[in-house]
Amino acid sequence: MRKIDCKTIEDCIYNLALKACVSLTEPCKKALESAYANEDGQTCAFALKTLIENFDTAEKLNIPVCQDTGMAVVIMEIGQEVRIEGGSLISAVNEGVRRAYADGYFRQSICDPLTRINTGDNTPAALHTEITDGDTVSITFMPKGFGSENTSKIFMLTPSQGTDGIIDAIVETVKLAGSRPCPPVYVGVGIGGSFDTCAYLAKKALTRDIATPNAREDIADIEKQALERINALGIGCQGFRGKVTALGVSCEWAPTHIAGLPVAVNIQCHCVRCQKAVI
């Protein structure tokens with residue numbers, strides 16, 4: 001049994017948050033640069049160039065790449081041979097977030113859903129845990145802005161709607177979102193499971209590198225077809241009409257009930273921020 005102190009986890013969260021809020025992922029940068037190189041619409045090309053200049057400036061000046069530094073989404077894969085000591089895991093995660101958002105001067109956006117009173121430190125984080133084999137803890141930190149989160153949807157399809165229904169749901173979600181989630185977007189999709197698990201799968205799909213297809217051929221085909229149809233919509237960067245409305249589509253799946261076909265579509269703006277570490 002390997003022992004890991006809560007302070008180690010807190011410090012890891014702290015460092016991941018500090019980096020994530022000022023840096024796009026490398027696959028996201030490359031996808032935006034590729035979109036700019038292939039865009040022939042003058043307004044869209046200008047918007048894409050501005051986004052590229054923005055992420056470059058944010059890193060150089062060590063300032064947030066977007067003013068919405070998001071809700072802190074933390075995914076932890078905890079090996080069953082690990083024993084976490086020295087306090088509360090949830091408290092360690094939230095303390096890491098609290099410290100990072102204070103020290104980084106990041107916007108604190110979390111509030112009571114009814115009174116709208118701000119918690120004042122961007123906590124609590126949205127924490128998801130999975131128990132895995134081994135004696136390590138894998139931590140993923142993703143700041144999730146709500147301009148894109150607000151355009152996400154869950155569909156409870158019938159099994160007869162099949163693959164076509166899944167792709168239609170993905171494309172419909174992006175079409176209805178229009179320019180609101182600051183396209184070009186990254187689309188995370190959860191297929192199967194239950195109402196709640198498919199939503200988590202969609203969120204987890206956004207932690208995959210853009211342009212990395214699912215290992216399952218039929219799922220990868222859904223990703224490919226959905227991306228082609230989304231980009232055929234012509235919404236373009238920031239809604240200025242162009243070739244690239246989505247940088248990528250990533251799907252995760254789980255077995256489901258014989259009577260159902262849950263599908264969750266979680267939209268991420270062009271600002272894909274995700275940092276990972278293994279303890």
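This briefing covers cysteines, aromatic rings and charges over rings. The model is predicted. A search of the whole structure turns up zero disulfides. The structure has one aromatic pair. The charged end of Arg99 sits over the ring of Tyr14, and that of Arg216 over the ring of Trp253.

**Cysteines**

- A disulfide is a covalent bond between the sulfur atoms of two cysteines.
- For Cys111, the closest cysteine sulfur is in Cys66, 17 Å away. That is too far for a bond, because a disulfide needs the two sulfur atoms within 2.5 Å.
- Cys111 counts as partly exposed, because its relative accessibility is 25%.
- For Cys274, the closest cysteine sulfur belongs to Cys28, at 11 Å. This distance is also too far for a bond.
- Cys274 has a relative accessible area of 10%, so this residue is buried.

**Aromatic pair**

- The pair is described by two values, the distance of the centres and the angle of the planes.
- Tyr101 and Phe106 form the pair, with 5.4 Å centre to centre.
- Their planes are 85° apart, and the arrangement is edge-to-face.
- Tyr101 and Phe106 are both buried.

**Charges over rings**

- The charged end of Arg99 lies 4.1 Å from the centre of the Tyr14 ring, over that ring.
- The charged end of Arg216 is placed over the ring of Trp253, 4.4 Å from the ring centre.

Key:
Residues numbered from 1 in each chain as written. Predicted model: local features only at pLDDT ≥ 70, side-chain atom pairs only at ≥ 80, totals over all residues. Heavy atoms only, no water. Buried < 20%, exposed > 50% of the residue type's maximum accessible area, 1.4 Å probe, protein only. Phe/Tyr/Trp six-rings, centres within 6.5 Å; stacked < 30°, edge-to-face > 60°. Lys NZ or Arg CZ within 6 Å of the ring centre and 35° of its normal.
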